[in-house]
Amino acid sequence: MFISIEGIDGCGKTTQIKLLAEYMSQLDVEFTIVREPGGTKAGEEIRDILLHKEYHLYSESELLLFMAARAQIVREVIRPELEKGKTVIADRFMDSSVAYQGVGRRLGREIVQAMNSFAVGETVPDITLYIDVPADVAISRMRKERKNDKIEMESLDFFERVRKGYEKLICENRKRFVVIDGKQSEERVQADIRKSLSVLFDEKKPNGR
Ligand code: TYD
């Protein structure tokens with residue numbers, strides 16, 4: 001089972017993935033969590049270039065670097081884990097590039113989708129949980145937490161475009177996406193996440209139940 005988790009910066013993804021990992025370890029399911037960009041040695045270096053180095057990157061270069069990290073993690077980690085029968089949970093995957101680079105940076109959805117197919121081949125998530133928050137809510141959360149990597153410093157306008165990009169993806173992939181209301185309390189968001197995954201793991205109840 002391949003699960004990806006998506007949302008704009010500040011949607012609460014990191015906390016929710018931590019809570020989800022606690023839940024998954026109570027189930028009789030072997031799982032691995034990977035994060036994009038990163039998750040491999042080469043990928044973590046690419047992450048550093050993308051998010052923390054002082055270089056001025058053109059949007060096209062940015063897109064190619066995200067794709068390089070993705071091509072690497074798919075072959076080095078995701079496919080081998082899935083082949084072993086493990087569940088893989090990806091903290092961001094191909095939809096991030098469509099929303100951020102395709103729509104946010106205005107490079108165009110089609111080109112990004114074509115590059116995604118090249119990078120991932122058949123390795124597409126079975127289910128994608130999208131944690132939805134309005135861009136202004138996301139930005140005020142980021143400012144509060146003092147999150148300030150290169151992309152997190154973008155404007156409200158940028159995050160509004162990214163969110164629109166996700167909305168388009170959801171319309172086109174209704175079967176794969178589950179939308180979770182990220183404005184709720186952390187507990188409610190987590191409960192919704194568990195509920196949407198429980199269908200997939202229905203035969204594996206938490207220990208002692
Ligand atoms: P993330 O890991 O969610 O940030 P953090 O560790 O700070 O919570 O994501 C890193 C950033 O990279 C985020 O701003 C979104 C961006 N991103 C893209 O622009 N395109 C992509 O294809 C991916 C995977 C991430």
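**Exercise 1.** How far from an oxygen atom of the ligand does a polar side-chain atom of Glu152 lie?

*Solution.* The model is predicted, with local features needing pLDDT of at least 70 and side-chain atom pairs counting only at pLDDT 80 or more, while totals for chains, interfaces and linings use all residues. Residues are numbered from 1 along each chain as its sequence is written, and side-chain values use heavy atoms, leaving out hydrogens and water.

Begin with Glu152, which has a polar side-chain atom 2.8 Å from an oxygen atom of the ligand; a polar contact here is a pair of N or O atoms within 3.5 Å. Next take Arg92, where a polar side-chain atom lies 2.8 Å from a ligand oxygen, and then Lys13, whose side chain has an N or O atom 2.9 Å from an oxygen atom of the ligand.

**Exercise 2.** Describe which elements and which classes of residue make up the shell around the ligand.

*Solution.* Start with the elements, which are DSSP runs numbered from the N terminus (helices are H or I with at least four residues, strands are E with at least two). Those giving two or more residues to the shell are helix H1 (13-26), helix H2 (41-51), helix H3 (59-83) and helix H4 (94-104), and H4 gives the most, with four residues.

**Exercise 3.** Explain why the salt bridge between Glu62 and Arg105 ties together parts that are 43 residues apart in sequence.

*Solution.* First identify the pair: the closest N and O atoms of Glu62 and Arg105 are 2.9 Å apart, and a salt bridge needs a side-chain nitrogen of Lys or Arg within 4 Å of a carboxyl oxygen of Asp or Glu. Then place the two residues: because Glu62 lies in helix H3 and Arg105 in the loop between H4 and helix H5 (109-120), the pair ties together parts 43 residues apart in sequence.

**Exercise 4.** Describe the backbone at Pro37 and at Arg92.

*Solution.* Most peptide bonds are trans, and most residues other than glycine have a negative phi. The bond from Glu36 to Pro37 is cis, with omega near -10 degrees, and Pro37 lies in the loop between strand E2 (31-35) and H2. Arg92, in the loop between strand E3 (87-91) and H4, has a positive phi near 80 degrees.

How values were computed. A polar contact is a pair of N or O atoms within 3.5 Å; within protein, one must be able to donate a hydrogen and the other to accept it, and residues adjacent in sequence count only if both atoms are side-chain atoms. Ala, Val, Leu, Ile, Met, Phe, Trp, Tyr, Cys and Pro count as nonpolar, Asp, Glu, Lys and Arg as charged, and the others, Gly among them, as polar.
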